[in-house]
Amino acid sequence: MAVLTTKVSAPELQKSKDVKSTPIHYPFWFGGSASCFATLFTHPLDLVKVRLQTQAASGVRLNMLQMFGHVAKTDGIMGLYRGLSAAQLRQLTYSMTRFGVYESIKDRVTTAEKKPSFLVLVGMASVSGFLGGVVGNPGDILNVRMQHDASLPAEKRRRYKHALDGAIRMVREEGVASLWKGVWANSSRAALMTVGQLATYDGFKRALLDYTPLKDNLTTHFTASTLAGFVATVICSPVDVIKTRVMSSSESLGVVKLVTDITRSEGLGWMFKGFVPSFIRLGPQTILIFVFLEQHKKIYRQLQG
């Protein structure tokens, strides 16, 4: 009786090991740490995006490069890092929660033989992102306010010294509830962002490993994260604009009224206002987050033997 055998080449065997390795449980905080590292590089882009999104519909309107020049001229180069402490607080709450919850759920449903489908990844990412948006809302609102502050008239500026000072003053002057102003828009955006980043990153990475000659290395991480960054920017842009408008406002605005007002005054183009700096910021940020995250995991695996 003949026995059929299949000869497997060394590259195919190595790739099989890359794809089918046994899942490892990583520390909960890895996502927050990787995001903090990424923010050090991308914060100026985030600040310019916020300034563009909060420009008045009337008067002189600046494009992205002009806004960079305007901020650097009026506030100095370090003005591009205004609100960095709040941005790091946001990553230590928002990103740590969404990455940690997502990876924890994924660990529970992943085995060496079976991996979750893309729709399951989307569901996990939605829940993780929404929770991250709720937990990270105080850091997010402080981040938006501190970045937007210098563009306000002198008499309306809040002048928070740092994130902790801002949080204390918000509670004292506006009440505890002010820390969760715009939480529904923010959490909805966070759910979309997490789907656009985490679920699509895992989906693109799996497809690249399964259907291309690429292995689980920096090239694959870079390619998958670039694609994920573009998807995340497209699906999050409208909610991102709403979130920025609500959080930067000193008034209590309902989302429906806000959308109605800006659509009437600015047309449907508001949905993608600041899209270019959003992608220029979110693309590199997504790449850096996953590159740093994969390096965290690589070092952890080496330390664990």
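Reader: Where is Asn 143 found, and is this residue buried or exposed?
Author: This is a predicted model, and in it Asn 143 is found in helix 5. Its relative accessible area is 2%, and a residue counts as buried when that value is under 20%. Asn 143 in helix 5 is therefore buried.

Reader: Which residues does Asn 143 touch, not counting those up to four places away in sequence?
Author: With residues up to four places away in sequence not counted, a contact means heavy atoms within 4.5 Å. On that basis, the residues that Asn 143 touches are His 43, Asp 46, Gly 83, Ala 86, Ala 87 and Arg 90.

Reader: How are helix 2 and helix 5 oriented to each other?
Author: Helix 2 covers residues 30-53 and helix 5 covers residues 118-148, and their axes lie 9 Å apart. The angle at which they pack is about 75°, and angles of 65 to 115 degrees count as roughly perpendicular. Helix 2 and helix 5 are therefore roughly perpendicular to each other.

Reader: Which residues meet where helix 2 packs on helix 5, and how many are nonpolar, polar and charged?
Author: From helix 2 come His 43, Asp 46, Leu 47, Val 50 and Arg 51, and they meet Asn 143, Val 144, Gln 147 and His 148 in helix 5. Sorted by class, this contact of helix 2 with helix 5 has 3 nonpolar, 4 polar and 2 charged residues.

Reader: How are helix 5 and helix 6 oriented to each other?
Author: Helix 6 spans residues 163-174, and its axis is 10 Å from that of helix 5, with a packing angle of about 100°. Since angles of 65 to 115 degrees count as roughly perpendicular, helix 5 and helix 6 are therefore roughly perpendicular to each other.

Reader: Which residues make the contact of helix 5 with helix 6, and how do they divide by class?
Author: Helix 5 contributes Ile 141, Leu 142, Arg 145 and Met 146, while helix 6 contributes Ala 163, Gly 166, Ala 167, Met 170 and Glu 174. The residues of this contact of helix 5 with helix 6 divide into 6 nonpolar, 1 polar and 2 charged.

Reader: What is the phi of Arg 159, and where is the place of this residue?
Author: Arg 159 is in the loop between helix 5 and helix 6, and at 49% relative accessibility it counts as partly exposed. Although Arg 159 is not a glycine, its phi is positive, at about 55°.

Reader: How many aromatic pairs does the structure hold, and why is the pair of Tyr 201 and Phe 290 given its class?
Author: The structure holds 10 aromatic pairs. In the pair of Tyr 201 and Phe 290, the ring centres are 3.8 Å apart and the planes are at 10°, and planes under 30 degrees apart count as stacked. The pair links distant parts of the chain, with Tyr 201 in helix 7 (residues 183-211) and Phe 290 in helix 10 (residues 275-304), 89 residues apart. The number of aromatic pairs is 10, and this pair is stacked.

Reader: Are Tyr 201 and Phe 290 buried or exposed?
Author: Tyr 201 has a relative accessible area of 2%, and Phe 290 has one of 4%. The limit for a buried residue is under 20%, so Tyr 201 is buried, and Phe 290 is likewise buried.

Reader: Where is the place of Lys 297, and which residues does Lys 297 touch?
Author: Lys 297 is in helix 10, where it is buried, with a relative accessible area of 11%. Not counting residues up to four places away in sequence, Lys 297 touches Tyr 26, Phe 30 and Glu 103.

Reader: Where is the place of Ile 77, and is Ile 77 buried or exposed?
Author: Ile 77 is in the loop between helix 3 (64-75) and helix 4 (84-109). Its relative accessibility is 58%, and exposed means over 50%, so Ile 77 counts as exposed.

Reader: How many helices and strands are in the chain, and what share of its residues counts as buried?
Author: The elements run α-α-α-α-α-α-α-α-α-α from the N terminus on, with 10 helices and 0 strands in the chain. Of the 305 residues, the share that counts as buried is 47%.

Methods
Residues numbered from 1 in each chain as written. Predicted model: local features only at pLDDT ≥ 70, side-chain atom pairs only at ≥ 80, totals over all residues. Heavy atoms only, no water. Axes fitted to C-alpha atoms, helices over the stretch in contact; angles between N-to-C directions. Helix = DSSP H or I, 4+ residues; strand = E, 2+ residues; numbered from the N terminus. Parallel < 35°, antiparallel > 145°, perpendicular 65-115°, else oblique. Nonpolar A, V, L, I, M, F, W, Y, C, P; charged D, E, K, R; others polar. Phe/Tyr/Trp six-rings, centres within 6.5 Å; stacked < 30°, edge-to-face > 60°. Buried < 20%, exposed > 50% of the residue type's maximum accessible area, 1.4 Å probe, protein only.
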